[in-house]
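Let's walk through this one together, a question at a time. Have a look at the model first, then read on.

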Amino acid sequence: MMFRLNVPTKRGSVLNGVLFRPREKKNTDTVMIAITGIHGNFYSNPFYYNIGDTLNSANYDFIYAQTNDAFGQIETFNVNTKEKEIIGS
C-alpha cells in the first residue's frame, strides 16, 4: 500500500515523498529510505514502485522522497512565510 508524504522543512518548503507499507502490518522493524540526488526526477522514475512492492512483500517499509533540487525548478508554497517560492536547480 502506498501513502503520499508532504513534509515541511524548517525553512517552510514542503518536500514530497511516498511511504510503501505492507497492507497487513501497521509498523515494521525495518524501513529503507531512498532520496533522489541532484537532478533526480522523483515523479517520472518508476523504479521505486518495484522496489516498494518488493520490500513490502518481505514486510519492510520503504520511503522514497525528493530533495530541494530534485528536478528542474518548480513553484511551491512556503508554509512558514505563506508565500510562493521557486525551489530546484
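Predicted model: local features only at pLDDT ≥ 70, side-chain atom pairs only at ≥ 80, totals over all residues.

Q: Which residue does E75 meet in a salt bridge?
A: Residues are numbered from 1 along each chain as its sequence is written, and side-chain values use heavy atoms, with hydrogens and water left out. A salt bridge here is a side-chain nitrogen of Lys or Arg within 4 Å of a carboxyl oxygen of Asp or Glu. With 3.7 Å from N to O, the partner of E75 is K84.

Q: Are E75 and K84 buried or exposed?
A: The labels go by relative accessible area: buried is under 20%, exposed is over 50%, and partly exposed is in between (1.4 Å probe, protein chains only). By that scale, E75 and K84 are both exposed.

Q: How many residues apart in sequence are the parts that D61 and R21 tie together?
A: A search of the whole structure turns up 2 salt bridges, and D61 with R21 is a salt bridge whose closest N and O atoms are 2.9 Å apart. Helices (H or I, at least four residues) and strands (E, at least two) are DSSP runs, numbered from the N terminus. D61 sits in strand β4 (residues 61–65) and R21 in the loop between β2 (14–20) and β3 (31–35), so the parts they tie together are apart in sequence by 40 residues.

Q: How are the rings of F20 and Y49 arranged?
A: A pair of aromatic rings is described by the distance of the centres and the angle of the planes. Rings of Phe, Tyr and Trp (its six-membered ring) pair if their centres lie within 6.5 Å; planes under 30 degrees apart count as stacked, over 60 as edge-to-face and the rest as tilted. The whole structure has 7 aromatic pairs. In F20 and Y49 the centres are 6.3 Å apart and the planes at 90°, so the pair is edge-to-face.

Q: Which elements do F20 and Y49 lie in?
A: F20 is buried at a relative accessible area of 1%, whereas Y49 is partly exposed at 38%. The pair ties together parts that are 29 residues apart in sequence, because F20 lies in strand β2 and Y49 in helix α1.

Q: What kind of aromatic pair do F62 and Y64 form?
A: F62 is buried, with a relative accessible area of 1%, and Y64 is buried too, at 3%. Their rings are 6.3 Å apart centre to centre with 20° between the planes, and the pair is stacked.

Q: How far apart in space are D29 and N59, C-alpha to C-alpha?
A: D29 is found in the loop between β2 and β3 and is exposed, with a relative accessible area of 82%. D29 and N59 are 30 residues apart in sequence, and in space their C-alpha to C-alpha distance is 8.7 Å.
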